[in-house]
Amino acid sequence: MTLPKRTKYSGSTRGLVLAFDIGTTFSGISYSILDPGRIPEIRPITRYPCQERVGGDMKVPTVVYYDKLGNPCAIGAETLREGIEMEAEEKGWTKSHWFKLHLRPKSTTWRVRDEHSLPPLPPNKTIEQIFADFMKYLYRCSETFIKQTHGEVTWQSVQKNIKYILTHPNGWGGPQQADMRRAAILADLISERKEDQSRITFITEGEASLHFCLLNGLTIDGADVSSLFILDLFIASDSNELQGTAGVTIVDAGGGTIDVTSYRKVSSKSFEEIANPKCEYQGAIYVTRRALFHFNYTLAGTKYHLDVPTIRDVFDKSTKHLPKGRRTIANPLHFA
């Protein structure tokens, strides 16, 4: 089964839905303009200020640089510009990255690996304030993109009727949603009025992944098939001995977390979870961190030890992303 066909928007006024996926390492935006009597289309934001590859990248780094007064100086794609690290050092800016993990549940069940090594929050900044600054940035990017793509008139017609969808890892619940809602208020996306807060909808990354998979070709037709759909990697399937069932396990291997969710089809229009969703703090940043430990240990006492940060960066940007057996880098790094 694929997703059922979308129906026409039944509202009486034009509106807009903005979906913010704020990840540990990268973030993205999707949107849908709601026109009465028309079937909505879901589109990605593909242009961001200061982005080199215009129209090619749908994600930006989840990074914010703050000055000594706590004002954001560079956010998202702006942090990729050449010379930003030298400028930050000269001006005394503080880099905030991986800040999403500071919002996690504090119980031992959700303890982060190498928790002591998480980058601390910038001085005098709360996690809600950093999230708010990043939400403001995503809102500005959305406004700019929609104005450039659909025109000023379109933006003016929807800007007072915007609903937001915010994603979060599996297992995050009320406390984390409350923090994100407070951040949205600080970002002026919504007001503190109770009726206004209904304009925010939260969705787990597992649910979002299911919709993504269905929109991109995953089918569950009711046959005796169990599928494993790993986002951005591969699809594998095998026969299932259970009679008359069909299910799917979705593994979303992200920057900070690995979210695993299993569903089965209930009807032609709905699914249900068939196992407790899992969220493991073993995402891509921990692969790089373990590689850094390995490089430091292996090269300690050699003339190459000072090059470890460069080796780590090459590993993080190229080697880590290549399948085993195909790890040939176009411009390999050589040390004399």
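In the predicted model, Phe99 is buried, with a relative accessible area of 1%. Phe131 is likewise buried, at a relative accessible area of 2%.

A search of the whole structure returns 8 aromatic pairs. In one of them, the ring centres of Phe99 and Phe131 are 5.6 Å apart and the ring planes meet at 85°, so the arrangement is edge-to-face, the class assigned to planes over 60 degrees apart. Phe99 is located in the loop between strand 7 (94-97) and helix 2 (127-150), whereas Phe131 belongs to helix 2; the pair therefore ties together parts that are 32 residues apart in sequence. Phe99 and Phe131 also belong to one aromatic cluster together with Phe134 and Tyr137.

Tyr139 and Trp155 form an aromatic pair that is edge-to-face, with 5.7 Å from centre to centre and 70° between the planes. Tyr139 lies in helix 2 and Trp155 in helix 3 (residues 152-158), so that this pair links distant parts of the chain, 16 residues apart. Trp155 has a relative accessibility of 2% and therefore counts as buried, the limit for that class being under 20%.

Thr24 is positioned in the loop between strand 1 (15-22) and strand 2 (26-34). With a relative accessibility of 6%, Thr24 counts as buried. When neighbours within four places in sequence are left aside, the residues in contact with Thr24 are Thr62, Trp98, Lys100, Leu101, Gly255, Gly256 and Ile285.

Methods:
Residues are numbered from 1 along each chain as its sequence is written. This is a predicted model: local features need pLDDT of at least 70, side-chain atom pairs count only at pLDDT 80 or more; totals for chains, interfaces and linings use all residues. Side-chain values use heavy atoms; hydrogens and water are left out. Rings of Phe, Tyr and Trp (its six-membered ring) pair if their centres lie within 6.5 Å; planes under 30 degrees apart count as stacked, over 60 as edge-to-face and the rest as tilted. Helices (H or I, at least four residues) and strands (E, at least two) are DSSP runs, numbered from the N terminus. Buried means under 20% relative accessible area, exposed over 50%, partly exposed in between (1.4 Å probe, protein chains only). Contact means heavy atoms within 4.5 Å.
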